[in-house]
Amino acid sequence: MRTIEWHDNAIHMIDQRLLPQKYRVLVCRDHHELAQAIRDMAVRGAPAIGAAAAFGIALCAVRSQARDSEQLLAELDDAAREIAATRPTAVNLFWALDRMRKRAEALRGQPVAAIAQALVAEAQAIADEDVETNRRMGRFGAELLRDGDSVLTHCNAGRLATVDYGTALGVVRAAVEQGKRIHVYADETRPRSQGARLTAWELMQDGIPVTLIADNAAGYFLRTGKIQAVLVGADRIAANGDVVNKVGTYKIAVVAKENGVPFYAVAPTSTIDMSVPDGDAVPIEERCATEVTHVEGVCIAPEGVAVANPAFDVTPHRYVTAIITERGIVWPPFREGLRRIMGMEANDETPGA
Ligand code: MRU
């Protein structure tokens with residue numbers, strides 16, 4: 001199945017907290033359960049939580065007992081606020097909620113059931129477009145890889161982080177589909193180990209060669225010429241090209257540049273936030289201490305130790321070789337390139353205007 005699907009007025013998702021030990025499908029029957037699933041990271045990854053948020057709004061609409069569209073729109077606003085409060089960094093969540101709100105508002109005055117059906121269709125369109133977007137990015141990005149290359153990736157930017165196919169791993173998949181032999185080095189990605197649990201699992205499912213390495217080994221492999229490119233996803237890309245992604249990405253980007261290895265961020269345009277001037281303006285999620293102090297439920301740190309656990313970091317654009325989007329590859333200077341790809345004119349502050 002896809003990472004997230006809509007069936008019988010419920011949201012079905014692969015429960016990513018349990019992989020790779022258990023493959024279970026979690027079913028959310030109202031938007032409160034959906035919000036909890038995002039917060040707990042049963043579903044995670046920027047494009048996947050965008051699609052999840054959209055389905056959450058659709059679910060709120062189909063379950064609503066509202067008398068008229070005014071009441072329904074007020075309920076949808078409350079649901080959007082609840083879902084928006086789950087995770088602050090990945091902009092796809094807010095992008096999807098905004099798109100759903102606009103669709104609902106355009107139908108103001110229509111019967112409640114008609115609005116609900118339109119919102120289900122809109123959420124499904126967001127999910128379907130995500131898959132197509134990933135395939136397009138894959139085709140663009142695959143041109144940058146040669147037969148026999150090894151790439152390093154961080155966290156999970158694969159099919160599990162999206163509706164299907166993946167962003168960074170979508171590029172790998174596309175290159176493999178073109179007949180290139182690609183080897184992936186996957187960072188374990190402490191503290192939640194998305195690289196070990198999810199990236200390694202999904203690549204093995206597809207028969208794509210993958211070697212799992214400890215986070216601290218990335219520098220060794222970059223310096224010894226074993227890696228020809230770094231491919232990562234992004235949770236938000238600022239107007240100047242700064243890339244906000246899973247904590248640890250920055251360290252990899254710096255070492256990649258030091259060793260002349262290209263560093264590519266692979267992200268749909270829904271991850272690009274032209275309203276934030278640079279990465280420092282992006283809120284960085286701080287997650288709970290036990291993610292750091294515990295491994296698989298076992299405490300590995302002295303009781304009472306102070307812990308800091310930022311879930312993301314900022315890679316300044318000077319370390320980014322290119323940004324691969326579904327509309328093409330953006331090279332430096334990023335400010336101009338991103339404006340062009342987002343359809344903004346020289347003095348225009350509104351994306352797509
Ligand atoms: O905390 P997570 O697992 O949601 O973080 C995911 C990442 O950082 C991914 O690299 C990012 O969302 C891009 S996924 C296509």
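Predicted model: local features only at pLDDT ≥ 70, side-chain atom pairs only at ≥ 80, totals over all residues.
**Entry one: the loop with Asn-9.** I looked up Asn-9 and found it in the loop between strand E1 (4-7) and E2. Its phi is near 55°, which I marked as a positive value in a residue other than glycine.

**Entry two: cis peptide bonds.** I then turned to the peptide bond from Leu-19 to Pro-20, and recorded it as cis, with omega near 0°. Pro-20 has its place in the loop between strand E2 (10-14) and strand E3 (25-28). I placed Pro-333 in the loop between strand E16 (328-330) and helix H11 (334-341).

Next I asked myself which residues are the closest to the ligand. Of the 19 residues that surround the ligand, the closest are Ala-46, Arg-87, Asp-235, Asn-245 and Lys-246. When I sorted the residues of this shell by kind, they divided into eight nonpolar, seven polar and four charged.

At Ala-46 it is a polar backbone atom that lies 2.8 Å from a ligand oxygen, whereas Lys-246 places a polar side-chain atom 2.7 Å from an oxygen atom of the ligand. I then noted that the ligand has 410 Å² of accessible area on its own, and that the protein covers 99% of this.

I recorded that the space taken by the ligand is the largest cavity. The elements that give two or more residues to the shell are helix H2 (46-63) and strand E9 (243-246). Why does the ligand lie between domain 1 and domain 2? I wrote that it does so because domain 1 (4-134) and domain 2 (138-341) both give residues to the shell around it.

Technical notes:
Residues numbered from 1 in each chain as written. Heavy atoms only, no water. Near = heavy atom within 4 Å. Polar contact = N/O pair within 3.5 Å; in protein donor to acceptor, adjacent residues only side chain to side chain. Areas by Shrake-Rupley, 256 points an atom, 1.4 Å probe, with all protein chains shown as cover. 1 Å grid on protein atoms, 1.4 Å probe; cavity = no way out; pocket = protein on both sides within 12 Å on 5 of 7 lines; lining within 4 Å. Sits in = over half its atoms within 2 Å of the grid points. Helix = DSSP H or I, 4+ residues; strand = E, 2+ residues; numbered from the N terminus. Nonpolar A, V, L, I, M, F, W, Y, C, P; charged D, E, K, R; others polar. Domains from an automatic or database assignment.
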